[in-house]
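Work through the exercises below with the sequence and the coordinates at hand. Try each task before reading its solution.

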Amino acid sequence: MDKGRDCSDIVRRTDIATATGGVVAELGGGKFANGALSAAFVYLFRESMHTTRQALKIQFRGGTKTERVGVLSDLNDIFGTKRRAKMLSNTQSPLVIDLSVKNRAYIQNVPSDTIYIDLNFHPKISTDSGGIPATTRRILSHELGHSVFGALDDGINRMNNINLNENPIMNELGMPLRLEY
């Protein structure tokens, strides 16, 4: 993947290749599923040959397999935003997600290669849609801002990291914007 292409573009192109491969296989007397699967693998293999940067490795401490899959899904959404290229180029690999903490989310140093998060921790925050519990996706966006960029919440009303990272990511994902820390 080159830096100018986002994940949604690759997903869309993979879907097109999959459907086309399935139709071509069926027209040729074969099975749609076999052609679709083959075409998807070929497209993704070719796409991976254009990768200019090694993929980010994620390591987990604690958590169940289901919790880890949920975090990976949230990270995929976060890294699917316009902030992705800058985040990926600055993220230390491996990025460690520690799910063994209780009642909080934080990093120990700024910047850091480890994010500590309790997946049951959802403090109420003030947004342009009113008070809502912070989602894990939002908390990860926030902590990635600290971790990756060393952004601190030290500006007016302590909103630097929120304005630089959390809110732009949440806006792209169609989520309410945080109004205060």
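**Exercise 1. How many salt bridges does a search of the whole structure find, and which residues do they join into one network?**

Solution. The search finds 5 salt bridges, a salt bridge being a side-chain nitrogen of Lys or Arg within 4 Å of a carboxyl oxygen of Asp or Glu. The model is predicted: local features need pLDDT of at least 70, side-chain atom pairs count only at pLDDT 80 or more, and totals for chains, interfaces and linings use all residues. Residues are numbered from 1 along each chain as its sequence is written, and side-chain values use heavy atoms, with hydrogens and water left out.

Step 1. Take Arg137 and Asp74: their closest N and O atoms are 3.0 Å apart. Arg137 sits in helix α5 and Asp74 in helix α3, 63 residues apart. Helices (H or I, at least four residues) and strands (E, at least two) are DSSP runs, numbered from the N terminus.

Step 2. Arg137 also meets Asp77 in a salt bridge (2.7 Å, N to O). Asp77 is in helix α3, 60 residues from Arg137.

Step 3. Through shared partners, Asp74, Asp77 and Arg137 form one network.

Step 4. Check burial: buried means under 20% relative accessible area, exposed over 50%, partly exposed in between (1.4 Å probe, protein chains only). Asp74, at 11%, is buried. Arg137, at 24%, is partly exposed, and Asp77 is partly exposed at 27%.

**Exercise 2. Which parts does the pair Arg138 and Glu166 tie together?**

Solution. The two side chains meet in a salt bridge (3.0 Å, N to O). Arg138 lies in helix α5 and Glu166 in helix α6, so the pair ties together parts 28 residues apart in sequence. Both Arg138 and Glu166 are buried.

**Exercise 3. Which strands stand at the edges of the open sheet?**

Solution. Step 1. Write the order of the 4 strands: β1-β2-β4-β3, with mixed pairing. Two strands pair if DSSP finds at least two bridges between them.

Step 1. β1 (58-61) and β3 (105-106) each have a single partner strand, so one side of each is left without a neighbour in the sheet.

Step 2. Gln59 has Val96 in β2 as its bridge partner.

**Exercise 4. Which residues have the most contacts inside the largest nonpolar core?**

Solution. Such a core is a set of buried Ala, Val, Leu, Ile, Met, Phe, Trp, Tyr and Cys residues joined through side-chain atoms within 4.5 Å. The largest has 24 residues, and Val71, Ile97, Ile117 and Leu144 have the most contacts inside it. Elements giving two or more residues include α3 (65-79) and α5 (136-149).
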